[in-house]
Amino acid sequence: MTYYNVVNKQEVFYIMQHIIHQLQKEKKLRLLTSTIMIVFSAFMQCYIMNVFMAPCNLISGGFTGLALLINKVCALVNINFPTQVGIIALNVPAAILCYKHISPRFTFLSCVQFFLVSFFISIFHFEPFFEDQILNVLFGGFLWGFSISLSLRAGGSTGGTDFIAQYVSSKIHRGIWDYVFFYNCAMIVIFGYLCGWIYAGYSILFQFLSTKTISSLYQRYAQITVEFTTNDPDPIIDAFMATCRHGMSVFECYGAYSHRKYYVCKAVISTYELRDVVDNVRKVDPKVLINTYNTVNFYGNFYQKPLE
């Protein structure tokens, strides 16, 4: 493969990525895209519950895990309590809370997700893929976290503790997925006491993998510092301010190689805003130098765009 072929493929990939990003700005198309992602997320969860979780007698976290736990506890006393009924019964009150305090769109997509999970569980049945328990836990945990991340990236959630996590995160501007993990562990301990500690151990490992996957893939509440180096800061400032609602500090500096005066425009933004900021700034100054690095902690007023 020649150098020019590699460059051309990279350019095509960037152009396609840019077109998709621009299309997502259209409200109706964005809702359609989000709905498709939500449907796929729900189908994935149904598949994972059948293929990876059921053979190992695992439970997940959140309200889905709680519905599974209730189903297993009721089975011990010969009572049939369908998991799909538990999923809906537990999630509806949380959905009402989110509708009032977070976002109608977020609530709608989340409700579509958990209603579809309940529906898919009723009509689909898949055979196990692996016989080995460790493989089931590893693949199942990662894919479960991916399915939740997919629904979150779509602007919705899988309901349950995702509702609560989004509500609290929107108030404190930080992700609380690690705290959700500890809640899930407490629920799994109860499961272990009633159904067997070996299953609880595998379920905690499953939950740990899914939580880490979510933390890695869903970065809405992560912050990043971006620096623009330019010889004309005014167009940079205008493009930045037109894109997001954050402050910017401008420093005068001196180029060691060119011996010319430059300006460094520095700001802290959310990671999900980075693409729009970079695209708009490069439109007004294609030669601007851009440097980004992760912000571990930010103290002070920080504007977090609310969920749609």
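The following questions and answers concern a predicted model.

Me: In which order do the four strands of the open sheet lie?
Reply: The open sheet has four strands with antiparallel pairing. Its edge strands are E2 (249-254) and E4 (289-295), each of which pairs on one side only. Neighbouring strands are turned by 25° against each other on average, direction ignored. The order is E2-E3-E1-E4.

Me: How many bridges join E1 to E3?
Reply: Strand E1 pairs with E4 in the antiparallel sense over seven bridges, and in that pairing Phe 228 stands opposite Ile 290 of E4. E1 and E3 also run antiparallel, with Glu 227 having Lys 266 as its bridge partner in E3. The number of bridges joining E1 to E3 is eight.

Me: Which residue in E3 is the bridge partner of Tyr 254?
Reply: The edge strand E2 covers residues 249-254. E2 runs antiparallel to strand E3 (residues 261-270), and six bridges join the two. The bridge partner of Tyr 254 in E3 is Lys 261.

Me: How many of the eight residues of E1 are buried?
Reply: Helix H10 packs on the sheet and touches strand E1 (223-230), as well as E2 and E3. Helix H11 (residues 274-284) lies across E1, E3 and E4, running at about 10° to E1. E1 is mostly covered, and the number of its eight residues that are buried is seven.

Me: What angle does the direction of H10 make with that of E3?
Reply: Helix H10 comprises residues 233-243. H10 packs on the sheet, where its contacts are with E1, E2 and E3. Its direction makes with that of E3 an angle of about 10°.

Me: Why does Ser 203 count as buried?
Reply: Ser 203 belongs to helix H9 (residues 197-217). Leaving aside neighbours within four places in sequence, Ser 203 is in contact with Asn 57, Leu 58, Ile 59, Ile 188 and Phe 191. Ser 203 counts as buried because its relative accessibility is 0%.

Me: How do H4 and H5 run relative to each other, roughly parallel or roughly antiparallel?
Reply: The axes of helix H4 (residues 83-101) and helix H5 (residues 104-123) come within 10 Å. These axes cross at roughly 180°. Angles over 145 degrees count as roughly antiparallel. H4 and H5 are therefore roughly antiparallel.

Me: How many nonpolar residues take part in the contact of H4 with H5?
Reply: Residues of H4 in this contact include Ile 87, Ile 88 and Val 92, and those of H5 include Phe 106, Phe 114 and Phe 115. Gln 84 of H4 and Thr 107 of H5 also belong to the contact. The contact has five polar residues and no charged residues, and its nonpolar residues number 14.

Technical notes
Residues numbered from 1 in each chain as written. Predicted model: local features only at pLDDT ≥ 70, side-chain atom pairs only at ≥ 80, totals over all residues. Heavy atoms only, no water. Pairing = 2+ DSSP bridges. Axes fitted to C-alpha atoms, helices over the stretch in contact; angles between N-to-C directions. Contact = heavy atoms within 4.5 Å. Buried < 20%, exposed > 50% of the residue type's maximum accessible area, 1.4 Å probe, protein only. Parallel < 35°, antiparallel > 145°, perpendicular 65-115°, else oblique. Nonpolar A, V, L, I, M, F, W, Y, C, P; charged D, E, K, R; others polar.
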